[in-house]
Amino acid sequence: MGRRCNLSLSPVMLLFWFASFSLVNGKTNLTRPSVTPINRDLYHTSDTLMEEIKALVHRHPDKLYMEVIGSQNKGYRVEMTVVTYCRNRKEIDDRSKYRVLLSFGQHGRELITSELSLRILSILIGEQFLPNMDPSSLNNTLERFVIKMVPMENLNGRKLVEAGDLCERRNGRGVDLNRNWSVDWGKKEKDYDPYEENPGIAPFSEPETQIMRKLCVSFEPHIWVNVHSGMEALFMPYDHKNTTPHGSPAQRVRLMLENLNRLHCKQRCVVGSGGGSVGYLAHGTATDYMYDIARVPMAFTFEIYGDRTGSSKDCFKMFNPSDLTTFNGVLNDWSAAFFAMFNMSTHELDVLHSKISVPSLEKLVSIDDYLNGYLMERSSRYGKKKEVLELGMQEIRTYFRLFLLSSVLLMFMFCSRISKSRRQIVSGMPL
Ligand SMILES: [Zn+2]
């Protein structure tokens, strides 16, 4: 039918139809480069993900506990859900257990990370299982932990992504939550991209970062993992400089990451300091704060997936697996990596703990290791004083610069006044 109809059109009309078709198509190509949309067969919306997590908590009140923390600043409102896992909820405050704090979805566009949080929770409460992992040894490991998870740290940013802004990584008012912490805050590299890395007006200016800091202060984790995507990597500090911390504890931690790379990342993961390996230095990051200020012995950033083959505008595809096989592969590999990390880290933390609690062994540990933050005593390791001191030093530096500037200005005014009065004297001489 259509073909016969077309054949009956005059050649002029055909030409007109062809021209307008190419124009419309050309315009579409100019304004909308082809980007991969969110695959809704694989990915939850933020609402359905939260509902699934709520339902999990509801089904397992003996092991899980959920709280929603709200905060606001100048009309900008934030809500953050935190789920706490303990094999026996009555022991949730047992300070002899190792504490883990995990954050997912700090950058809005990295949807896969929040999917991983749901997978890890399902394995923790025994609704899903890891292949090749003996359940009894897993139970023994989990017995020793209390795990706090933030499945979507940047819910407002994620909502923007879901509304179509697929490349958005910042929070709901344009601040990069992984540049808003206090260690080396606000420093800008030559390749600084204000769109991607806006650090906010001050350290902790954002409600999301404030909530995360409070969580860290009250919970005092032994392990922190900031889960991102964009590449495959197992990062340890530092992000703001091109080195890892010195000392044998840092070397042991690096070895642990290398083992994880071999066992669960097929040697594809980059291992080392974020600043030394990612290709740029990052200032004001959460992991550097956790390590340097909060004195978390094991502070990591895991990058769980990246596809750099396509266009840099095709953000969903760049940061998230878009087909079922890769999607499942990432969730299987990385949930296994997390549980292996829990297992390995108990051993590492036991070693550190024994060095702290047995005074005779303390002399075997160099003072540098203590200063590097691994072996600080629990009571003082949080180092609130250091943080206050650090922020205080920043203010002092600012005041000092202002003082210097005003002194120079005063000197300048003083000198110009003298030379003026001299000129007056000189010019007055002939008279
Ligand atoms: Zn990220």
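A residue is called buried if 20 or more other C-beta atoms lie within 10 Å of its own, exposed if 12 or fewer do, and partly exposed in between, with C-beta atoms placed from the backbone. Lys313 has 12 C-beta neighbours inside 10 Å and therefore counts as exposed. The model described here is predicted: local features need pLDDT of at least 70, side-chain atom pairs count only at pLDDT 80 or more, and totals for chains, interfaces and linings use all residues. Residues are numbered from 1 along each chain as its sequence is written.

Helices (H or I, at least four residues) and strands (E, at least two) are DSSP runs, numbered from the N terminus. The chain has 17 helices and 8 strands. Of its 431 residues, 37% are buried. Two residues are in contact if their C-beta atoms, placed from the backbone, lie within 7 Å. Among contacts between residues at least 6 apart in sequence, 77% join residues at least 24 apart.

The interior comes next. A nonpolar core is a set of buried Ala, Val, Leu, Ile, Met, Phe, Trp, Tyr and Cys residues joined through C-beta atoms within 7 Å. The largest such core has 73 residues, and those with the most contacts inside it are Leu102, Leu116, Trp224, Leu234, Met290, Phe300 and Ile304. Helix 13 (residues 324–357) gives the most to this core, contributing 8 residues. Apart from this core lies another, of 7 residues, which include Leu160, Val161, Leu166 and Phe316. Leaving aside residues up to four places away in sequence, Met290 touches Cys216, Trp224, Val296 and Ala299.

One helix pair can be followed in detail. Axes are lines fitted to C-alpha atoms, for helices over the stretch in contact, and angles run from 0 to 180 degrees between N-to-C directions. Helix 3 (residues 46–59) packs with helix 4 (residues 111–124) at an angle of about 15°, and their axes are 11 Å apart. Helix 3 and helix 4 are therefore roughly parallel to each other; angles under 35 degrees count as roughly parallel, over 145 as roughly antiparallel, 65 to 115 as roughly perpendicular and the rest as oblique. Leu49, Glu52, Ile53 and Leu56 of helix 3 make the contact with Ser114, Leu118, Leu121 and Ser122 of helix 4. The contact residues divide into 5 nonpolar, 2 polar and 1 charged. Here Ala, Val, Leu, Ile, Met, Phe, Trp, Tyr, Cys and Pro count as nonpolar, Asp, Glu, Lys and Arg as charged, and the others, Gly among them, as polar.

Cys86 is placed in strand 2 (residues 76–86). Because Cys86 has 23 C-beta neighbours inside 10 Å, Cys86 counts as buried. Leaving aside residues up to four places away in sequence, Cys86 touches Lys63, Glu91, Ile92 and Val146. The C-alpha atoms of Cys86 and Lys148 are separated by 9.0 Å, although these residues are 62 residues apart along the chain. Asn140 is found in helix 5 (residues 135–142), and with 12 other C-beta atoms within 10 Å, Asn140 is exposed. Between Asn140 and Asn343, 203 residues apart in sequence, the C-alpha to C-alpha distance is 9.2 Å.

The loop between strand 8 (298–305) and helix 12 (315–319) holds Asp314, and Lys313 also lies in the loop between strand 8 and helix 12. Asp314 counts as partly exposed because 18 C-beta neighbours are inside 10 Å. Asp314 touches Val35 and Thr36, again not counting residues up to four places away in sequence. Lys313 and Cys167 are 146 residues apart in sequence and 7.2 Å apart in space, C-alpha to C-alpha.

Pro237 and Tyr238 are joined by a cis peptide bond, with omega about 5°. Tyr238 lies in the loop between strand 6 (231–236) and helix 9 (248–264). Asp184, a residue other than glycine, has a positive phi near 60°. Asp184 belongs to the loop between helix 6 (155–162) and helix 7 (194–197), and counts as buried because 22 C-beta neighbours are inside 10 Å. Lys266, also a residue other than glycine, has a positive phi near 50°. Lys266 lies in the loop between helix 9 and strand 7 (270–273), and counts as exposed because 10 C-beta neighbours are inside 10 Å.
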